[in-house]
Amino acid sequence: MKFRMLSVFTDDQARAEAFYVGVLGCQVRHDIPLGEYRWLTVVTPDDPDGPELLLEPAAHAAVKPWRDALMADGIPLIQIAVDDCQAEYDRLVAAGVIFTQAPVDMGTVVTAVFDDTCGNLVQLAQMK
Amino acid sequence: MTEFGIALWNLTCKYSLAYYLCMSDVYKALAEPARRAILDELIERDDQTLFEICGRLATKHDFAMSRQAISQHLQILEDADLVRTRRQGRYKYHSINTEPIETSMKRWRRPESGTPANPSESEGEPG
């Protein structure tokens, strides 16, 4: 068994694609029209055959209060492994990304947390 | 004493009482090791989310506490005005406020030699 797909809710799928592909550097894996929405998945550039991230519409009524609470507490739902957290932080800040946590050395890992512009926080993690 | 004098005396006494009660909150807040650890982390950087504080406590101080327990400690620190929070968009940030600690550090300072101590500094706290 392998994890094939994980999903996040996004305020707007077009904005999600613009961020994950245009800013973060992910690649679109599937983009299938489904009426009002799209079946939109992306993969990371260093792991194109790895798990896909499904960018879902945030239409369900339970989603907003749940994500607002997580966002207020700074809790990310996605973790992306990077080789150099500070370098990724510098690159993304220069690209206009907002971070709720600049890189912090947490002992065995250096982490940083940013806003994906679609209602989620994402954590960068560099294992030491 | 004039009416004005009596009103001023009442106001001053209530201010002094409020001051001592506030400082009592500060000392109680500082008594707990987990809360001192939180302040150890907040002094390094302003504007930390709950998530960042939890990560720092778990990895750097080896505190095995739930997020909810840490949140409760933060509330006690906030009630004592040792931590201040601000909202920015959807995020809530925590920062240390060192004023109560600095006030406390001035309380028992030895006077310069030849200068009598201020009697009000040796007043006990009520309760």
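Predicted model: local features only at pLDDT ≥ 70, side-chain atom pairs only at ≥ 80, totals over all residues.

Biologist: How much space lies in the largest pocket?

Modeller: In general, rolling a probe the size of a water molecule over the atoms shows where empty space is left. Here, the largest pocket holds about 710 Å³ of space. Its lining has 28 residues, and the closest to the centre are A:Cys26, A:Thr44, A:Gln79, A:Ile80 and A:Ala81.

Biologist: Which element gives the largest share of that lining?

Modeller: That is β5(A), with four residues. Elements of chain A that each supply at least two residues include β1 (5-10) and α3 (85-94). By type, the lining has 17 nonpolar, four polar and seven charged residues.

Biologist: At what angle do the axes of α2 and α4 of chain B cross?

Modeller: The axes of α2 (residues 33-42) and α4 (residues 67-79) of chain B come within 10 Å and cross at roughly 80°. Therefore α2(B) is roughly perpendicular to α4(B). Their contact is made up of seven nonpolar residues, one polar and one charged.

Biologist: What area is buried between chain B and chain A?

Modeller: The size of an interface is often given as the accessible area lost when the parts come together. In this case the area is about 1,500 Å², with 55% from carbon and sulfur atoms. On the chain B side, B:Phe51, B:Arg90 and B:Tyr91 lose the most area to chain A, together 45% of what that side buries. The contact involves 16 residues from chain B and 22 residues from chain A.

Terms used: Residues numbered from 1 in each chain as written. Chains lettered and ligands numbered in written order. Heavy atoms only, no water. 1 Å grid on protein atoms, 1.4 Å probe; cavity = no way out; pocket = protein on both sides within 12 Å on 5 of 7 lines; lining within 4 Å. Points joined across faces, edges and corners; volume = space filled by probe spheres on them. Nonpolar A, V, L, I, M, F, W, Y, C, P; charged D, E, K, R; others polar. Axes fitted to C-alpha atoms, helices over the stretch in contact; angles between N-to-C directions. Parallel < 35°, antiparallel > 145°, perpendicular 65-115°, else oblique. Contact = heavy atoms within 4.5 Å. Buried area = accessible area lost by both parts, 1.4 Å probe.
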